[in-house]
Amino acid sequence: MVVSTYRNKGYDFTITSSTAFDHKWMYGRNLFDSISEVVDEVFDNYLSRPGVRQPILTQYCDGERVKCPGWMTQWGSKYLGDQGYSTIDILRNFYGNDMYINTAEEISGIPASWPGYPLDIGSSGSKVRQMQEQLNTIAEAYPALPRVTVDGIFGEGTQNAVREFQRIFSLPVTGVVDYPTWYEIQEIYVGVSRIAELS
């Protein structure tokens, strides 16, 4: 299917809804929570090769209806996964054995990365302190968010603030700082801090 109305409106592109050329997003389509969670968990990963500083661009196509020599294919990946290939094995099958998956330390101005485990009642340390400081900064712009004592200890006050943060920003209200909550705190903190710098 080719949608040509964009060119008729003066735009210099065409949307084809074919993975040979582009991707298609359909408003109102179902979103599976499991897919959303996986995307949140891996969006800071990138591919690289030894001695190459920038991330590696990987491209893919259908592989059956559309052929793309040298690219990864959707169906080829699926068949390899069915055979028990791991993610890195699938990537290396298409792009060579010198391909590696790395994790970015900083993403789009986010000041520090995920600690690697959920923060909950009883957690303590520098990551808890960082999160408490950021919640207090966010509370300056969102008065409904209660301020917390910055002591590096995840107690009931911190849990209540986390629950309120999750409620305000439409996250599951658990009181636990899981991966999606951690990055939402980071993003909102960066946004609030930049607004404050402009004032």
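Colleague: How many helices and strands are there in the protein?
Modeller: This is a predicted model, where local features need pLDDT of at least 70, side-chain atom pairs count only at pLDDT 80 or more, and totals for chains, interfaces and linings use all residues. Residues are numbered from 1 along each chain as its sequence is written, and side-chain values use heavy atoms, leaving out hydrogens and water. Helices (H or I, at least four residues) and strands (E, at least two) are DSSP runs, numbered from the N terminus. Along the sequence they follow the pattern α-α-β-β-β-α-α-β-α-α-α, and that pattern holds seven helices and four strands.

Colleague: Where in the protein is confidence highest?
Modeller: The score to look at is pLDDT, the predictor's confidence in each residue, from 0 to 100. The protein averages 80, and 72% of the residues score at least 70. Confidence is lowest in helix α2 (residues 33–42), at a mean of 64, and at 96 it is highest in helix α6 (residues 156–168).

Colleague: What share of the residues in the protein is buried?
Modeller: Buried means under 20% relative accessible area, exposed over 50%, and partly exposed in between (1.4 Å probe, protein chains only). The chain has 199 residues, and the buried part of them is 31%.

Colleague: Which residues are buried in helix α4, and why do they line one face?
Modeller: Helix α4 covers residues 87–95. Seen down its axis, the buried residues fall within an arc of 110° (taken from the directions from the helix axis to the C-beta atoms), so they line one face. They pack against β1 (45–48), β3 (72–73), α3 (74–82) and β4 (100–103), where contact means heavy atoms within 4.5 Å. The buried residues of α4 are Ile90, Leu91 and Tyr95.

Colleague: Which residue lies over the face of Tyr100?
Modeller: A charge sits over a ring if NZ of Lys or CZ of Arg is within 6 Å of the ring centre and within 35 degrees of the ring normal. Here the distance from the ring centre is 4.8 Å, and the residue is Arg92.

Colleague: How many aromatic pairs are found in the whole structure?
Modeller: Rings of Phe, Tyr and Trp (its six-membered ring) pair if their centres lie within 6.5 Å; planes under 30 degrees apart count as stacked, over 60 as edge-to-face and the rest as tilted. By that rule, the search finds four.

Colleague: What kind of pair do Tyr142 and Phe169 form?
Modeller: Their centres are 5.0 Å apart, with 70° between the planes. The pair links distant parts of the chain, 27 residues apart: Tyr142 sits in the loop between α5 (126–141) and α6, Phe169 in the loop between α6 and α7 (179–198). Tyr142 is partly exposed at 32% relative accessible area, while Phe169 is buried at 17%. As for the kind of pair, Tyr142 and Phe169 are edge-to-face.

Colleague: Why is the pair of Phe165 and Phe169 tilted, and which residues form the cluster?
Modeller: Phe165 and Phe169 have ring centres 4.7 Å apart and planes at 40°, so the pair is tilted. Both Phe165 and Phe169 are buried. The cluster linked by ring pairs is Tyr142, Phe165 and Phe169.

Colleague: Is Gly122 buried or exposed?
Modeller: Gly122 is in the loop between β4 and α5. Its C-alpha atom is 6.9 Å from that of Ile153, 31 residues apart along the chain. With a relative accessible area of 61%, Gly122 is exposed.
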